[in-house]
Amino acid sequence: MNKKILIVEDDESILQLEKDYLEANGFNVSSASGGSEGLEKALSGAFDLIILDIMLPEIDGLEICRKVRQISDVPILLVSAKRDDIDKIKGLGLGADDYIVKPFSPSELVARVIAHINRFERLTSSSKEEVDIIEIDSMKIDKKARRVFVNDKEIGFTNKEFELLTCLAEKPDNIFSKEELFEKIWQYDPIGETSTVTVHINRIRDKLFAADKSFKYVNTVWGKGYRFNK
């Protein structure tokens, strides 16, 4: 596989466990135990995925995530010992692709890493496809360039936000459950993870509404899921 993973984790035993399992599955793993070193390595652009502990000395994982997202769409998986949703919401809002709570199964971590790398590669592959444009009133989605415009002004979306918006806009008036959306975008079992979809949908709404106050097409269908009303 020869994919490069960066682990930023200050707990040596957890770091070693993650490293051992990932290397056993063919990954090339680098590590950092502090936030400053982790940030420097993360910004190097040398990795296919970054695993970030949130609680780190010097610079926390959320700040590292924020700075990486300013220059790169590399998949980021946040790790935390906290079970409440506050850090999860913050991390996903800053552009993290996933969130896993300690203690976790090393095999689950490996499965998530593989899923995110495979998906990112498909999204960034250089396959020659025709330009696919979705235009709905003031919004235009350029699927090939992965760009969104509202009133001719570009709006920045993270990878997962872009995929969710495109998924909904491609099939207007279809109702997608949270579970369906999670499986389509994150591509693994959604048990206990559907709040991730809610966070991303809210971020999409906020960005579209900020660009055009009349844009209210991403609707909640109570008890069923979400629908893009054309």
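**Figure 1. Buried residues of helix H3 in the predicted model.** In helix H3, which spans residues 61-69, the buried residues are Gly 61, Leu 62, Ile 64, Cys 65, Val 68 and Arg 69. These residues cover an arc of only 160° around the axis, and they therefore lie on the same side of H3. The structure shown here is a predicted model. The elements that cover the buried residues of H3 include strand S1, helix H2 (35-42), strand S3 (49-53), strand S4 (76-80) and helix H4 (86-93).

Figure 2. When neighbours within four places in sequence are left aside, Asp 53 is in contact with Val 8, Glu 9, Asp 10, Gly 61, Val 79, Ser 80 and Lys 102. With Lys 102 there is also a polar contact, made between the side chain of Asp 53 and the side chain of Lys 102 at 3.3 Å. Asp 53 and Val 101 are separated by 48 residues in sequence, and their C-alpha atoms are 9.9 Å apart in space.

**Figure 3. Lys 3, ahead of strand S1.** Lys 3 is located in the segment that comes before strand S1 (4-8). Its side chain makes a polar contact with the side chain of Glu 121, at 2.2 Å. If residues up to four places away in sequence are not counted, the residues that Lys 3 touches are Gly 26, Phe 27, Asn 28, Asp 48, Ile 117 and Glu 121.

Figure 4. By class, the lining residues of the largest cavity comprise three nonpolar, two polar and four charged.

**Figure 5. The second largest pocket.** The second largest pocket holds about 260 Å³ of space. It is lined by 18 residues, of which Asp 73, Gly 156, Phe 157, Thr 158 and Asn 159 are the closest to its centre. At least two lining residues come from each of H5, H6 and helix H8 (195-211), and H5 gives the most to this lining, with three residues. Six nonpolar, seven polar and five charged residues make up the lining of the second largest pocket.

**Figure 6. Buried residues of helix H7.** Within helix H7, which runs over residues 178-186, Leu 181, Phe 182, Ile 185 and Trp 186 are buried. Viewed down the axis of H7, these buried residues fall within an arc of 100°, so they line one face of the helix. They pack against H5, H6, strand S10 (175-176), H8 and strand S12 (225-228). After H7 comes Gln 187, which has a positive phi, near 60°.

Technical notes. Residues are numbered from 1 along each chain as its sequence is written. This is a predicted model: local features need pLDDT of at least 70, side-chain atom pairs count only at pLDDT 80 or more; totals for chains, interfaces and linings use all residues. Side-chain values use heavy atoms; hydrogens and water are left out. Ala, Val, Leu, Ile, Met, Phe, Trp, Tyr, Cys and Pro count as nonpolar, Asp, Glu, Lys and Arg as charged, and the others, Gly among them, as polar. Helices (H or I, at least four residues) and strands (E, at least two) are DSSP runs, numbered from the N terminus. A polar contact is a pair of N or O atoms within 3.5 Å; within protein, one must be able to donate a hydrogen and the other to accept it, and residues adjacent in sequence count only if both atoms are side-chain atoms. Contact means heavy atoms within 4.5 Å. Buried means under 20% relative accessible area, exposed over 50%, partly exposed in between (1.4 Å probe, protein chains only). The arc is that of the directions from the helix axis to the C-beta atoms. On a 1 Å grid over the protein atoms alone, a cavity is a set of points where a 1.4 Å probe fits but cannot get out, and a pocket is an open set with protein on both sides within 12 Å along at least five of seven lines; lining residues have an atom within 4 Å of a point. Grid points are joined across faces, edges and corners, and a volume is the space filled by probe spheres set on the points.
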